[in-house]
Amino acid sequence: MDNGLSRRTFLGVLGTTGFGAGLGSSAFGADKGAHLPGKAGKAAMTSRGSGRSPVRLAGGKVIQPQRELPVFRETDVLVVGGGPSGVAAAVAARRTGAKVTLVERYGCFGGLWTGGLVLKLPGVCYGKKQVTMGLCEEILQKLDKMDNAVIERNPGEQPTTDAEATKYVLSEMIREAGVDVYLHSWGVDAIMDGNVVKGAVFESKTGRFAVLAKMVIDASGDGDIFSIAGAPYEHRKHGVGLVCRIGNMDKIDQTKAKQAKKPPRGIGLPTPIPDINWVNMGGPESDCVDINDLTRLEMDHRRQIWRQMDKLRKTPGYEKVYLVEVASQLGVRISRVLTGMKQVTFKGAKAGQKFSDVIGVGGELNPGDPFFEIPFGALVPRKVENILAVGRCASAGPVIMEPMRCIPCSLVTGHAAGVASALAVQNGCLCRDVEIPKLQKHLREQGAYLG
Amino acid sequence: MADLAKKQNRRVLTFVVRCFVLIMAITLALQILPWKRLAVILPSLSPFVAICSALAVRTLSVITMLALPLLIMALWRGRWFCRNLCPVGFLSENIRRLRRPANPNFTKLPLIGQWVVLLTLGGAILGYPLFLLLDPLGIFNSFFQALRGPFSAASLIYCLPLLIVLMINFVLAGLWCSHLCPLGAIQVMLFRLRGVFWHKILYWRELSDSNKVLTARRDILALGTGVLTAVATRKLFRPRASKPIRPPGAIDESNFTAVCIRCGNCTRVCPVGIIEPDPGRHGVASFMTPTLRFENNYCQEDCNSCNEVCPSGAIAGLSLAQKRKTTVGLAKVDMSICLLSEERECTVCVRICPYDAVKLVFSKEEYISIPVIDPEKCTGCGACEWVCPVSPKKAITIEAVK
């Protein structure tokens with residue numbers, strides 16, 4: 001038994017720093033028994049302590065010794081990141097019939113939607129018509145049934161959701177779909193066989209581990225996996241903010257408040273919870289994959305939120321307003337953007353560009369924004385195989401990225417990537433060669449709107 | 001008998017040629033040929049436009065040279081063009097055939113056309129050619145330009161001048177062609193000028209097709225009046241509060257309104273339709289001159305079509321590289337309505353700028369990002385104004401540079 005377990009779980013995943021090194025094809029000869037979450041991890045721990053070896057100083061340089069990594073899973077589709085696009089991808093791939101593993105670095109699902117307190121879903125509608133359908137609409141409908149979970153659901157409105165309700169809904173959807181999950185595990189490396197992605201490496205309290213997969217969906221939001229795998233990408237900068245929620249909005253003294261010419265700054269917008277508002281922050285343009293920047297921003301923003309709060313409480317009428325919470329995730333808007341086989345562009349959208357491989361459409365952030373189609377090619381990288389980029393990493397020009405990076409489009413790209421990966425597994429083809437009509441048929445059957 | 005037949009043949013030939021020229025002129029004006037820049041040819045043929053505009057903008061361009069054939073023809077053959085090629089004249093003649101009234105005698109009437117030419121020339125010395133827009137080829141061109149585009153009040157106004165000219169010719173038996181047309185007049189004057197040089201005579205000489213000519217003294221008087229009128233007009237119609245935004249390469253605003261002949265070429269050639277004839281928003285003198293509006297698009301970085309089709313040099317013939325460096329205005333941000341001041345999601349002006357001229361500058365005091373324009377880089381192309389989601393007034397707008 002011990003032997004069998006170790007053969008199954010310990011595979012020659014070399015490569016320990018930076019890039020994932022080659023992986024023998026023997027990996028796929030291993031036992032493919034169903035795993036219960038935790039079992040493999042336990043095996044790794046019992047058979048070789050923590051499975052970790054310390055890093056050594058050699059000649060003043062920090063060297064990570066070559067080591068073998070435990071393989072926690074062998075799966076059809078591996079989704080890295082449990083934000084809106086990751087959850088949509090995992091659920092869609094599972095529903096299309098693939099075995100799916102989802103790995104998320106925090107303890108809940110929803111990414112910036114929940115942990116980042118980005119409660120607004122801009123670009124759900126185009127004019128009065130809702131255009132981001134499929135899983136997006138399914139999630140919203142689940143929230144509709146709950147109390148204080150979503151508001152502004154009328155045609156043409158931009159829904160505002162409650163973070164806790166969303167976390168719960170997403171978690172239950174993942175559970176119902178039967179997706180294998182690892183939380184608190186951070187995707188750090190791609191596992192490559194030539195130019196084909198064969199899985200990813202994760203860091204966790206249990207130690208570094210590998211998940212092998214036929215298809216990988218990079219829903220990390222920062223292109224953590226495809227950038228290591230060698231897919232061409234663009235490194236963009238954008239404002240990084242920190243969102244908060246404030247309470248006692250029902251206790252504002254309106255007679256005093258109305259004396260001011262203009263409402264004070266930082267009172268935010270209503271949320272599904274009646275007396276609570278959420279307050280957005282633009283923040284300075286920063287490099288979102290620079291840990292120094294991210295650290296500084298977290299601390300600066302927190303100070304700013306408290307200063308603004310202080311100011312607000314000194315404004316006549318607003319004395320009782322208080323800070324409910326600051327988001328646990330920094331509001332990263334954009335970082336690495338895939339240079340895909342196709343790209344959504346603003347000019348194209350304005351000219352009414354159509355794509356034969358359309359997998360969804362985006363709505364408008366502001367009246368007059370163009371309607372745009374999202375092609376499957378925007379998720380497919382150049383050069384590397386069997387990895388798709390979703391969410392804010394999908395290939396889009398800088399202007400059209402403004403709606404593309406938001407939650408509704410992330411759900412649309414995630415949904416499509418999930419279905420496409422599952423179909424590629426079924427057909428035994430490369431992900432980029434998936435049959436477009438079949439993909440579109442499945443998406444439509446799952447309620448997606450393709451224009 | 002043979003003479004008569006010869007005459008008959010000649011008449012038929014002339015008719016065929018004039019039909020052909022008319023069709024060619026319409027084709028050019030309608031810009032239906034794949035080479036859009038050919039639209040420049042028709043109004044550029046006029047020596048009146050060429051001489052006055054070259055004098056006004058003080059440049060000789062390839063486009064100016066297009067008028068050389070007619071200029072040379074006029075020196076030797078006088079109003080040969082009017083009789084044999086002019087599409088406006090041909091149209092008028094055919095319309096006049098509809099009714100044949102007794103020709104009223106206009107011989108007593110002064111040759112206003114020549115005064116127009118002299119006044120315009122005088123103005124041109126100051127860079128303000130007063131009546132350049134009366135050129136019949138420009139008028140003809142603008143009519144068909146207007147027919148081509150989507151129908152609007154502006155296109156109706158563009159149509160009017162030709163209709164008025166034809167009406168004058170119809171009702172008053174060719175008065176436009178004989179007495180008013182500056183193109184006709186300049187041909188007579190050129191012919192006379194050659195005569196003056198040819199015979200080394202300083203003073204006036206009788207001409208075959210006109211009994212009344214101006215003396216040199218009168219010419220100088222007219223030129224002087226032109227200069228004075230130009231000064232006065234320019235002062236009178238000085239652009240008021242809001243200076244219009246002109247197409248790239250437009251000459252100085254104080255002269256633009258006179259050098260522009262309102263031929264409509266630039267308006268129609270613009271692939272994104274941002275050039276709009278001014279409906280009088282910027283003063284009387286600016287009426288129907290091209291202005292840029294960024295409601296539906298912006299001035300494309302890979303286009304210099306308007307630079308290629310201006311017959312009078314009101315819009316300089318810039319190359320694409322030159323045009324990309326030419327400033328038409330400067331973007332200005334109104335932070336009181338900018339979405340960023342409300343912490344709303346928007347950075348489209350920064351993202352779209354083709355010249356990388358809009359940068360977000362983070363204000364630590366305000367704790368918001370402010371779009372800041374780099375005046376060195378900004379060309380005023382209007383991309384930012386076009387995409388700005390704030391309405392009805394945009395938060396970022398292009399303003400004319402002083």
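Six salt bridges run between chain B and chain A. By salt bridge I mean a side-chain nitrogen of Lys or Arg within 4 Å of a carboxyl oxygen of Asp or Glu. Side chains of opposite charge can pair when their charged atoms come close.

Before I go on, a word on what we're looking at. This is a predicted model, where local features need pLDDT of at least 70, side-chain atom pairs count only at pLDDT 80 or more, and totals for chains, interfaces and linings use all residues. Residues are numbered from 1 along each chain as its sequence is written, chains are lettered from A and ligands numbered from 1 in the order in which they are written, and side-chain values use heavy atoms, with hydrogens and water left out.

Okay, back to the interface. There are 17 residue pairs in polar contact between chain B and chain A, both residues at pLDDT 80 or more. A polar contact here is a pair of N or O atoms within 3.5 Å; within protein, one must be able to donate a hydrogen and the other to accept it, and residues adjacent in sequence count only if both atoms are side-chain atoms.

Which parts of chain B each supply at least two residues to the side that touches chain A? They are α18 (348-352), β4 (358-363), β5 (368-373) and α19 (383-387). The top giver is α18(B), with three residues. Helices (H or I, at least four residues) and strands (E, at least two) are DSSP runs, numbered from the N terminus. That side of chain B splits into twelve nonpolar, three polar and six charged residues. Nonpolar is Ala, Val, Leu, Ile, Met, Phe, Trp, Tyr, Cys and Pro; charged is Asp, Glu, Lys and Arg; the others, Gly among them, are polar.

In all, 21 residues from chain B and 22 residues from chain A take part in the contact, meaning heavy atoms within 4.5 Å. The two chains bury about 2,000 Å² between them, 48% of it on carbon and sulfur atoms. Buried area is the accessible area (1.4 Å probe) that two parts lose on being put together, summed over both. Glu345(B), Arg351(B) and Tyr367(B) supply 38% of what chain B buries against chain A, more than any other three residues.

Now away from the interface. Over all chains we get 39 salt bridges. One of them joins Arg296(A) to Asp293(A), closest N and O atoms 3.7 Å apart. Both sit in helix α8 (residues 291-314) of chain A, three residues apart, about one turn of the helix.

The peptide bond from Ser391(B) to Pro392(B) is cis, omega near 5°, and Pro392(B) is in the loop between α19 and β6 (396-399) of chain B. Lys383(A) has a positive phi of about 75° although it isn't a glycine.
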